[in-house]
Amino acid sequence: HTFAQSVQTALLQNNACTKDNTEVHTFSSSSTGGGNSKNSGIISHSWDIATRTTSGQNNVKTFAETFSTLGHTHRQIDIVQMDCDINSNCTSSLADWFHDWQEHGVLVRQLLVRCYHIPPPDMFAKLQQQNYVVAHYEQTKRSYYDYTFLKLHPLFFET
């Protein structure tokens, strides 16, 4: 099972959704993509999600470009998963993403982050500024760091 398949299976088993009212999108420039598997309900796209600084490259779109392409403005997205490799600046990526999400009226309820190195402390500060808190943390056997962040109401942080 891929991550997308696992999420959809879990949601379907818990009656949280049906294949008719749930969209699971995957993005990878290495994918043949552009397809929609009627059997799985998973829609694959043949581009990577990028920051503003990497936009314009082949097979790369920002979240803003992706929202426009898919018609996903002014919506709630339940889960976004990102990988943060050793060569990327996750904090800059998150700042760009938050800007795109807010600019297009998109609310991301849960953010899954896999870091292939120890995450920078400013990443957590940036997430908290946007009302995200750590809901789960796990260090895998390969020294990857998996985090789940939940978006909470701003009143949570006022006490």
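Which residues form one aromatic cluster? They are F63, F67, W97, F98, W101 and Y132. Keep in mind that this is a predicted model, where local features need pLDDT of at least 70, side-chain atom pairs count only at pLDDT 80 or more, and totals for chains, interfaces and linings use all residues. Residues are numbered from 1 along each chain as its sequence is written, and side-chain values use heavy atoms, leaving out hydrogens and water.

Let's start with the pairing rule. Rings of Phe, Tyr and Trp (its six-membered ring) pair if their centres lie within 6.5 Å; planes under 30 degrees apart count as stacked, over 60 as edge-to-face and the rest as tilted. By this rule there are 13 aromatic pairs. Two of them are shown here:

| Pair | Centre to centre | Angle between planes | Type |
|---|---|---|---|
| F63 and W101 | 5.5 Å | 70 degrees | edge-to-face |
| F124 and F149 | 6.1 Å | 50 degrees | tilted |

F63 sits in helix α2 and W101 in helix α3, 38 residues apart. F124 belongs to helix α4 and F149 to strand β9, so this pair ties together parts 25 residues apart in sequence. Helices (H or I, at least four residues) and strands (E, at least two) are DSSP runs, numbered from the N terminus.

F63 is buried at 7%, W101 is buried at 3% and F149 is buried at 1%, while F124 is partly exposed at 27%.

Definitions and conventions: Buried means under 20% relative accessible area, exposed over 50%, partly exposed in between (1.4 Å probe, protein chains only).
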